[in-house]
Amino acid sequence: MEIRITTKHILWVLYILAWIIFIGLSIEAGGILFNSFYTMFIKPMGAQFFWNKMDLSGLYAADKVYFIIVTVLMSIVAILKAILFYIIIRAIHHRKLDFTQPFNKALPRFISSLAWLAIGIGLFSSWGTNQSKILLAKGISIPDIQKMGFGGADVWFFMGVILIVIAQICKRGVEIQTENDLTI
Amino acid sequence: MAIIVNLDVMMAKRKMSLNELSEKVGITLSNLSILKTGKAKAIRFSTLEAICKILDCQPADILEFKPDVK
C-alpha cells in the first residue's frame, strides 16, 4: 500500500510540533519571569538556582540593576519566541493559509508578523549578548550566552530580513491574484 | 477609474437581462455583475467579442473613457 504525504499531513505535523515548541517556550518564559520575581522580592537565594540551572548569584550580588536588565532581556526573548510560535499555531488552526488560493491577504500579513518578530528576537538577543560581554569585561560571572537564550542573534536577523523580502513578494503576488480574479 | 462600463445601457437597449446575457455569453453571473458594476480590473478580448456578438454592438458602445476629475 502506498502512503501519500499530502500538504494536509505536513501541516498537521507542523501544527503538533508548533504546539510542543510553544508550550516549551511558554514554560521557559514563565520560569524566567517567576524566578526573577522570586529572586527580587522573596528570596535572593533564587539567583543561585535560576531557571535552566543557571547561576546568576554573581550577577545579583554585583548589581541588582544588571540582574534586572539581563532577566528582562531573557524574558522578552522567550516571550517573543513563544508569540512567534503562537502566530504559526493560530494561522494553521484558523486555516488562514489557504493552499487552494495561496495568495490571499492573510499570507503577507502572516509572513510580515513573523519577520518583525524574528527581527525583534534578533535585536533583543544581540542586546543581551552585548550586555553579557560588558558584564564579563567588568569581571562579573554570568552563565553561557546560549544557556540564557541570547544565542543566534545574527541568524534571527537573517531570518527576519529574508521573511520581509518574501512578504514583499507575496504582497505583489496578492495584487496579481486580485487582478487576475477581476479579469473577466 | 477613467474607463466606464456601459453594459447596463446596452442591455437595456437590447432588452436583455443579466441572466440571459450570462447564459448566452457563457460567463458566470457573478463575473458579469463585476463587469457591469465597474469593479473589473480588465476584460479579455474573447469576453468583449462574445458580449459584442450577443448584444450586436461595438466595443465602444460598452466601454467609454472619461478622465478622472481631480
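How many nonpolar, polar and charged residues does the lining of the largest pocket have? By class, this lining has seven nonpolar, one polar and four charged residues. Here Ala, Val, Leu, Ile, Met, Phe, Trp, Tyr, Cys and Pro count as nonpolar, Asp, Glu, Lys and Arg as charged, and the others, Gly among them, as polar.

The structure is a predicted model, in which local features need pLDDT of at least 70 and side-chain atom pairs count only at pLDDT 80 or more, while totals for chains, interfaces and linings use all residues. Residues are numbered from 1 along each chain as its sequence is written, chains are lettered from A in the order in which they are written, and side-chain values use heavy atoms, with hydrogens and water left out.

**Pocket and cavity**

Grid points are joined across faces, edges and corners, and a volume is the space filled by probe spheres set on the points.

| Space | Volume | Element giving the most lining residues |
|---|---|---|
| Largest pocket | about 330 Å³ | H1(A), four residues |
| Largest cavity | about 30 Å³ | H3(A), four residues |

Helices (H or I, at least four residues) are DSSP runs, numbered from the N terminus. Helix H1 (7–42) and helix H3 (64–93) of chain A each supply at least two residues of the pocket lining, which includes A:Trp12, A:Tyr15, A:His93 and A:Phe99.

The whole structure holds one cavity of 30 Å³ or more. Among the residues that line the largest cavity are A:Glu28, A:Met74, A:Lys81 and A:Gly149. Its lining divides into five nonpolar, one polar and two charged residues.

**Interface of chains A and B**

In chain B, 11 residues are in contact (heavy atoms within 4.5 Å) with four residues of chain A. The buried area, meaning the accessible area (1.4 Å probe) that two parts lose on being put together, summed over both, is about 720 Å² between these chains, and carbon and sulfur atoms give 65% of this area. B:Lys41, B:Ala42 and B:Arg44 supply 58% of the area that chain B buries against chain A, more than any other three residues.

Key:
On a 1 Å grid over the protein atoms alone, a cavity is a set of points where a 1.4 Å probe fits but cannot get out, and a pocket is an open set with protein on both sides within 12 Å along at least five of seven lines; lining residues have an atom within 4 Å of a point.
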